[in-house]
Amino acid sequence: MGVMQEKVVEASQMAIPTALPPPTDCALPEALGDRAKNRLLGPPLNTEDLAHERLGKPTALAVFASDNLSSSAYATEEILRVLVPAVGLAAFSLVVPITIAMLVVLAFLILSYRQTIKAYPTAGGAYVVTRDNFGILPAQVAGVALLTDYVLTVSVSVAAGSAALTSAFPSLERAAVPISVAFIGIVAYGNLRGVRESGKVFAVPTYFFIANMVLLLSVGLVRMFLGDLPAQTAHAAGTLPFGSAGDGLFLGATLFVVLHAFASGGAAVTGVEAISNGVPAFRMPEWRNARTTLVVMGSLLGVMFLGLSVLSAHLHVTPFEHGSPTILSQVGEAVFGTSPAGKGLYYLLQAGTVLILVLAANTSFADFPRLASFQAGDNFLPRQLTKRGHRLVFSNGIIALAAASAVLVVATGAKVDRLIPLYAVGVFTSFTLSQAGMARHHIRHKEEGWRRGLAINAFGALLSLVVDIVIAVTKFTHGAWIVIVLVPVMVAFLVRLNRQYEVEEAELEADARLAATAPILRRHVVLVLINNLDRSAARAIQYARALTPNELRAVHVAADPERAELLADEWQRLGLSRLPLELVDCPDRRIARAVLEIVTEVSADGDTEVSVLVPRLEHRRVWHRLLHDRTSDAIATAVSRVPHANVTFVPYHLGLGQPSRR
Amino acid sequence: MTCIAEVRWRQRVRVSGRVRSLRIQPLAGVPTVQCTLVDVTGGLTVVFLGRRRIAGIRPGTRMVVEGIAGEHDRKLAILNPRYELLA
């Protein structure tokens, strides 16, 4: 009987095990930050949703080619902008040959990148290629050069986009900077939400632009051959003044001008690398589809760039000092004419241009965070850049890019021609490094057809190097020096950063297992910080008792002597757990400092582990929190500086009516 | 007058300093007033057994105490000293 009864008692005391509650049944409200993110960005995505949406060739072209194709909207203009003031009318006979030269470079780059795509079909890009073939340091040069250029791509694209907008609506010209910044904001927001590879969003503007350009060029060229398209002879106010062509004496100077114009046109080939960065996003067989898309992209760019240059040369369109209306806009107006239908087509063209330029900025928003995360993963950029945010995108990288490009846009007043000189140096540096890396790859691995590949990539590297030097030299005084100075400085900075990470890592990892078996400190002293004799203090003391320390002390920092006196009286009358309360003098009212002094003293013997318990109110509403200061956080920060001092917040949940056990 | 750093165990001393901290004992506990007296050179414990509060002794109070240095809670302490509050 007795035994039976005991068993029954035991059973009734033992809770009957049940299944865990469903995981979504979390009664706690979400943090304010999360709620804001849910509202702004949509619900958080799970890591397993990361799987790439595979893209077919037409969509992939739209996604990856917008940066490259959009260059045709401003490349001709930048060439003319250099030529017209220097050589005058001769500019219009030089622009087409320069364009062709640029396209030859483009053709070789595409040949080279076809090799890269095949050799690095998983994660490509200049950074990875350079890292694998030349080591980590040259890779930083490639990385920094590319990051710089991604920032510039965003700035140039949105500036050109706003120029296209103000060409159609001249009254908006004064708002160019806010418009550009707004474009950056929109694209950044879209990327934070995670529109990165939602292809259909991209397909519309890209193909819309292509269609408009093709229409413009075919109408223009047909009218040109019919002799129906007169060259502009009268020049509107605000266009660049004409220089005079140099005679024999100035041949050298003219050559320099031509090279400078060529360098400015170099902006056209930026974005070629985008496809090689995104090979994994293609449908099977990835590398073959990527190669085809690359060639299609190059051909489209070639047709549009060359066509626009031919038309501009024929029409003698002259760039405006302020960059608006743009060359493309002037050509559009001339070709489509002033009939209502022509006007309509012109506005469509401008709309398409704005859209694709904004999309081009978007390409950088996909590439910059990814590259930054690679570099951060190699400990060369702050770790925060490797973290995927709420919507699975590298949010910090997106924000960094948006901030940097917005600063640049504001600093240059959203003027494309002031940004262009900074542009392209970085891209060609990374082209050179990645092509040279590919050449090394061929020599080392000797895969099938490596001799041909080596020839292509070695020539590609050489060509990129030559173009890079031309760009650096001719544009040096116009602003390229900023990039040329910035890149080494940045690389030095990254190396310093890397050393810091390595030192930290080495220290943290040294004898970790041994450290875990080291003898623990002999004494454990718990200090409970008391501000008032109330439930939050009581709760902290209860918790302290659960820790069963060697010594338990309740401490009040008497920043306000009168209040301390009142608390002392109250403590004496009521007490809490018969614990003495220590009143600590704090004549300068620096509470955190006073606590730090006590902790230092207690842990001075080197054999004491100190726990400081800080009662903290947990509020149910955000504004409730504003009613209290956050001294407890300041205390925690100060105390954590002492070794073997540990801070624990003991929360008291306001509004829940803490039921007491006894 | 001795400076606190020079106080030795079992010595009769007279020291002057500031009350840095004061221990308040609840009524239920053993009646004791215990405080830490510090000067620029160091600090020691001053204990008044059998009393709950001493008027005038608060955190920050300056006073002179005189007595034999002993031990309390494994720390150097003066028990039941003669004391004199300073203005």
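**Close-up views of a predicted two-chain model**

**Figure 1. Strands β4(B) and β5(B) form an antiparallel pair joined by 4 bridges.** The view is taken from a predicted model. Strand β5 of chain B covers residues 75-79, and B:L76 in this strand is the bridge partner of B:E71. The two strands make a hairpin with 2 residues between them. In this hairpin, B:D73 takes a positive phi near 60°.

**Figure 2. Strand β4(B) also pairs with β1(B) and with β6(B).** Strand β4 spans residues 62-72 of chain B and is joined to β1(B) by 6 bridges. These two strands run antiparallel, and B:V64 in β4(B) is the bridge partner of B:S16. Strand β6, which consists of residues 82-85 of chain B, pairs with β4(B) over 4 bridges, again in the antiparallel sense. Here the partner of B:V65 is B:Y83, a residue of β6(B).

**Figure 3. Chain B as a whole contains 6 strands and 0 helices.** Read from the N terminus, its elements follow the order β-β-β-β-β-β. The C-alpha trace of chain B spans about 35 × 30 × 20 Å along its principal axes. A compact globule with 87 residues would have a radius of gyration near 12 Å, and chain B, which has 12 Å, therefore agrees with that expectation.

**Figure 4. A strand of chain A pairs with a strand of chain B.** Strand β3 of chain A, residues 581-585, is joined by 4 bridges to strand β1 of chain B, residues 12-24. The two strands run antiparallel. Within this pairing, A:V584 has B:S21 of β1(B) as its bridge partner. Across the interface, 17 residues of chain A are in contact with 15 residues of chain B. The side of chain B that touches chain A has 7 nonpolar, 4 polar and 4 charged residues.

**Figure 5. Chain A contains 25 helices and 5 strands.** Its C-alpha atoms fill a box of roughly 110 × 60 × 60 Å, taken along the principal axes. Chain A has a radius of gyration of 34 Å, whereas a compact globule of 662 residues would have one near 26 Å.

**Figure 6. Helices α5(A) and α17(A) pack at an angle of about 55°.** Helix α5 comprises residues 91-119 of chain A, helix α17 comprises residues 425-445 of chain A, and their axes lie 10 Å apart. The two helices are therefore oblique to each other. Helix α5(A) passes α17(A) in a left-handed crossing. On the side of α5(A), the contact is made by A:L109, A:S112, A:Q115, A:T116 and A:A119. On the side of α17(A), the contact is made by A:F431, A:S434, A:Q435, A:M438 and A:H441. By class, the contact has 4 nonpolar, 6 polar and no charged residues.

**Figure 7. A cis peptide bond leads from A:M284 to A:P285.** The omega angle of this bond is near -15°. A:P285 belongs to the loop between helix α11 (273-277) and helix α12 (286-315) of chain A.

**Figure 8. Residue A:N379 has a positive phi although it is not a glycine.** The phi angle of A:N379 is about 65°. A:N379 lies in the loop of chain A between helix α14 (340-377) and helix α15 (395-411).

Note on methods:
Residues are numbered from 1 along each chain as its sequence is written. Chains are lettered from A and ligands numbered from 1 in the order in which they are written. This is a predicted model: local features need pLDDT of at least 70, side-chain atom pairs count only at pLDDT 80 or more; totals for chains, interfaces and linings use all residues. Axes are lines fitted to C-alpha atoms, for helices over the stretch in contact, and angles run from 0 to 180 degrees between N-to-C directions. Angles under 35 degrees count as roughly parallel, over 145 as roughly antiparallel, 65 to 115 as roughly perpendicular and the rest as oblique. A crossing is left-handed if the near helix is turned anticlockwise from the far one by less than a right angle, and right-handed if clockwise. Two residues are in contact if their C-beta atoms, placed from the backbone, lie within 7 Å. Ala, Val, Leu, Ile, Met, Phe, Trp, Tyr, Cys and Pro count as nonpolar, Asp, Glu, Lys and Arg as charged, and the others, Gly among them, as polar. Two strands pair if DSSP finds at least two bridges between them. The radius of gyration is taken over C-alpha atoms; the globule rule is 2.2 Å times the number of residues to the power 0.38.
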